[in-house]
Amino acid sequence: MKILLNLLSGLMRSVRIWKWILAVWLATLLLVTLFTFPLKTGINATLGSSMITEKIAAGHFFDVIVNDGFNLQTVLAIFFSGLFLVVFAGSILNIFFAGGLFNVLKEDGRRRGATDFFGGAGSNFWSFLVISIISFSVIFLLALIVAGIPAIIAVSSDSDLILSKTMKIASVILMILIPAVVIAADYARAWQVTSNEKNAFRAFGKGIKLMFRSFFVSYISVALILVINFLFSFFAVKGLLYAKASGGGAIFLLFLYGQTLAIIKIFIRSWRYGVVTSLYESFH
Amino acid sequence: MIFGGNIIPKGKINILLILLFIPLFNTEAQVIFPRPLSQRLTGYRIDAVLDPLSKIVKGKMEAFWVNNSSDLVPDVRLHMYLNAFSSNRTTFYRERGGSPGSREEDLGWIKLNSIKDRNGIDLKEVAKYISPDDGNPDDRTVLQIILPRPANPGDTVYLIVEFESKLPSNIVRTGYSDDFFFVAQWFPKFGVYEPAGMRYAATGGWNCHQFHGNSEFYSNHSVYDVTITVPENYVVGTGGMTLEEKNNGDGTKTLVTRAEDIVDYAWTAWPGYAVFKDKWNHVDITFLTPPERKNMVQRHLTAVKYALEYLTENVGPFPWPHLTFVDPPSKGSGAGGMEYTTLFTTMSAYGLPEYILMPEMVTVHEFGHAYFMGILASNEFEEPWLDEGVNSYWEERIMDHYYGNGAGMINHPLLKISDRSVARVSYVMSPSRQAESNAQWSWNYPHGTYSMLSYQKCALWLQTLTGLVGEEAMNEAFREYYRQWAFKHPSGQDFVNVFNTVIPKIYGNRYGSNLNWFFDQTLYGTGICDYKVVNIINRKVRDYEGAYFVNDSLEVKKGNYKDDTLWVSTVQLERNGELMLPVEILIRFDDGSETLEQWDGRSRVKDFTYTGTRKIQWAKIDPEYKNMMDVNYINNSMSVKPDRKPVRSIFSKLVTQLMLFIEFISL
């Protein structure tokens, strides 16, 4: 019951901050467009008036990108460097906005506006950045211990099957462990936005402590949202990849559909923040 | 005839052959075929014992070579290929770089304990290692035995050899890994004696090259009687037909095998193999694979049966009643993707999705070598395109025929890659695609172009030729190539000659009296092909406007454009590359009508102009993409209203996917 109440509380808090969810979406869209729009223009210029685009429509990309006229190496260099930059910048942007989201998700009886959102984002940025780095480092170490080392041992075995089974078991263990790291990071950030002390390490320590204060409820609630998030991402990506739009109007509709998915994805993250904030507030 | 140096008059050959050879060789006793398919100028009887601990195969071999030429031959030459793995100074490692390893167990070598003639006379004293290709004193991959007396025409040289073959740990086609063994190039094997007039030989001589970094092999079709003794728990696959398998009662077992009319004999042994059997017409198929890859078994078996069917139908029959192929385990993956006619290795991986057709492709390719150098035993050292390129061409045809045209490599709803496209990628992307023609010895291809030129470029120009003359004409040419050259040693020129005969027979003078114009540019040339649509111009024919004179007085007429309905439409084409190939041009007009034009492709520029009420909407050179040599498909077409929607659709998805990804990795 407590889990359900917390999930509902988190959901309501997220619905309440819809404007800020849209702000995060818009900022991400602008960032991504800064990368993709020039790339698209460049590719259109490369293809010129050619009808080779019919090969793209048929799924034969190879016959398009491998041509003297395409300059594949240059395009790939631009694509991958741009991709790295946009993903990196996007991640930083989300760390920044996470401060704002956590700040406006609090329920202390007062209405929260732009000052709270951007103020929370700005004042907590460095601390949130370090919390994210700690969290990713822990996840990386866990992956190395749980999957990497057994994989290295399994590679030298006779059978491909052993490696495959090792990786499957390791994946399951990681899937169980990762939510714990996420909960600790979420509690750390929920604590951080209420604290005047901006100390990421202390915050992470607090996060771990708070996680164990109500581990079962916290774990189930967050794990449930992570599963929903994962399934949503899987089906959203798959659906988008397989969606076919040939007409101009259909392509625009596809774009709108995709953006709706992106907004829902941000909403699910905000929901998780809301659940942890709700749990955190219940401790006080 | 020579028995280890004792020459016997030619007239008595037959009787002595019967008396002396039959107990040792079963070349006359037809175990597999009712009569020999080849001349069988060489033959081998080998008793091999594998010691899994020392990684050594101990062998006793009786071998013969028949001097089928009219030459007096002073020596015999043998390939001793395992010595390529004996040090980092061998020609093989000098050319490849690296080293076979520093530990004793890493190295590979072949040691001759004795070489004797039939009378027991030791020939070791007259045997020496030579390096005919590069003079490398550290290379011991070719052994020359100076005969005590030269071999007369019709004589047979007979050798009894005891050897030890240590397999290398770093498997490059041959070697071991733990308890896995792939035993290839493991016994002393005769080179090919080429008399004057055979292939390119101006004078008679041995064609017996060293083992190079980029080279394969060249041997006579032979009979092999091989017995293999291994620990009884080992599963063995060989290039021969297993006649008997007996348990020796001492923890070992012996397989008695025989192969006829194949150019090489290899075998593999590993306790972990699972064995699967199948049958295609007269061919018993055996497939050895790690047991965990059983989900791949049907894929491999289906692929090999497709290849059998397609090549039998379009080239010629596969004569052997036995075929074994192997998917080596991961630790022996260096043995994967190699051919020994009736034994070949493929490759795959556990859990590989069905839309990735790489395992099928490797199976089809390696099986195809049973034809292109197995049956049609070209010289892989000197004309690698004649086996690898021609075989790649057939592999592409088979893959695209059975697994979907345009999707013979990857067949996924989101991404389709044809086998042919992969070949084109290699050629188009190579910065050295014009560095050399196909007509080069394998180790002389410069700048790492061996694979790209011998496999892919050749396959591309054969695909292009198919686009020109059609599949059935190509099939007919290959059938004739098979009829003329099966179980012989064709050269590249022989291949060209067959096409020069068959294609004019089918088409008359449509492609000229021969196809030299094509082969000179593609096989023997280095030029690239690039045809281009430069511009489409649609210009209205205007009513007359301007000055005219009436009785010496100047009048000016103003045009009445409203009634203008005629258009002069021109599509401008250019040839950017050196290659001159005939191409088709499909032109679409705004009323929906289309016209297909032919251009011999010789001039630098070409315009097609039309006058009428219709305008040109688009033009495509080679609309069916038959010219695989064209390095730029993008400029092959032009539209007055280019369709940007496919690119927009991709980028629309890319934007959302990127946003979802950033969101996914955000904590």
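This is a predicted model: local features need pLDDT of at least 70, side-chain atom pairs count only at pLDDT 80 or more; totals for chains, interfaces and linings use all residues.
1. B:Arg588 is partly exposed, at a relative accessible area of 25%; here buried means under 20% relative accessible area, exposed over 50%, and partly exposed in between, with a 1.4 Å probe and protein chains only. Its partner in a salt bridge is B:Glu594, with the closest N and O atoms 2.8 Å apart. A salt bridge is taken as a side-chain nitrogen of Lys or Arg within 4 Å of a carboxyl oxygen of Asp or Glu. B:Glu594 is likewise partly exposed, at 40% relative accessibility.

2. Residues are numbered from 1 along each chain as its sequence is written, chains are lettered from A and ligands numbered from 1 in the order in which they are written, and side-chain values use heavy atoms, with hydrogens and water left out.

3. Over all chains, the whole structure holds 43 salt bridges. One of them joins the side chains of B:Glu62 and B:Arg45, at 4.0 Å from N to O. This pair links distant parts of the chain: B:Glu62 lies in strand 4 (residues 56–66) of chain B and B:Arg45 in strand 3 (residues 42–51), 17 residues apart. Helices (H or I, at least four residues) and strands (E, at least two) are DSSP runs, numbered from the N terminus. B:Glu62 counts as buried at 18% relative accessibility, while B:Arg45 is partly exposed at 29%.

4. Two further items concern charged side chains of chain B. B:Asp643 and B:Lys645 meet in a salt bridge of 3.4 Å, N to O. B:Asp643 is partly exposed at 34% relative accessibility, as is B:Lys645 at 30%.

5. Helix 4 of chain B (residues 358–368) has 10 of its 11 residues buried, so it is largely enclosed by the rest of the structure. Among the buried residues are B:Glu360, B:His365 and B:Glu366, together with B:Met361, B:Val362 and B:Phe367.

6. Chain A contains 10 helices and 0 strands. Its C-alpha atoms fill a box of roughly 65 × 55 × 35 Å along the principal axes. Of the 284 residues in chain A, 50% are buried. Among contacts (heavy atoms within 4.5 Å) between residues at least 6 apart in the sequence of chain A, 75% join residues at least 24 apart.

7. The accessible surface of chain A is about 13700 Å², and 76% of it belongs to carbon and sulfur atoms; the areas come from the Shrake-Rupley method with a 1.4 Å probe, and for residues only the protein chains shown count as cover. A nonpolar surface patch of about 610 Å² is made by A:Phe140, A:Leu141, A:Leu144, A:Ile145, A:Ile149 and A:Ile153. Patches consist of residues with over 30% relative accessible area and no salt bridge, with like charges joined within 9 Å and nonpolar side chains (Val, Leu, Ile, Met, Phe, Trp, Tyr) within 5 Å. A:Ile149 belongs to helix 6 (residues 114–155) of chain A and is partly exposed, at a relative accessible area of 43%. An α-helix has 3.6 residues a turn, so residues three or four places apart point the same way.
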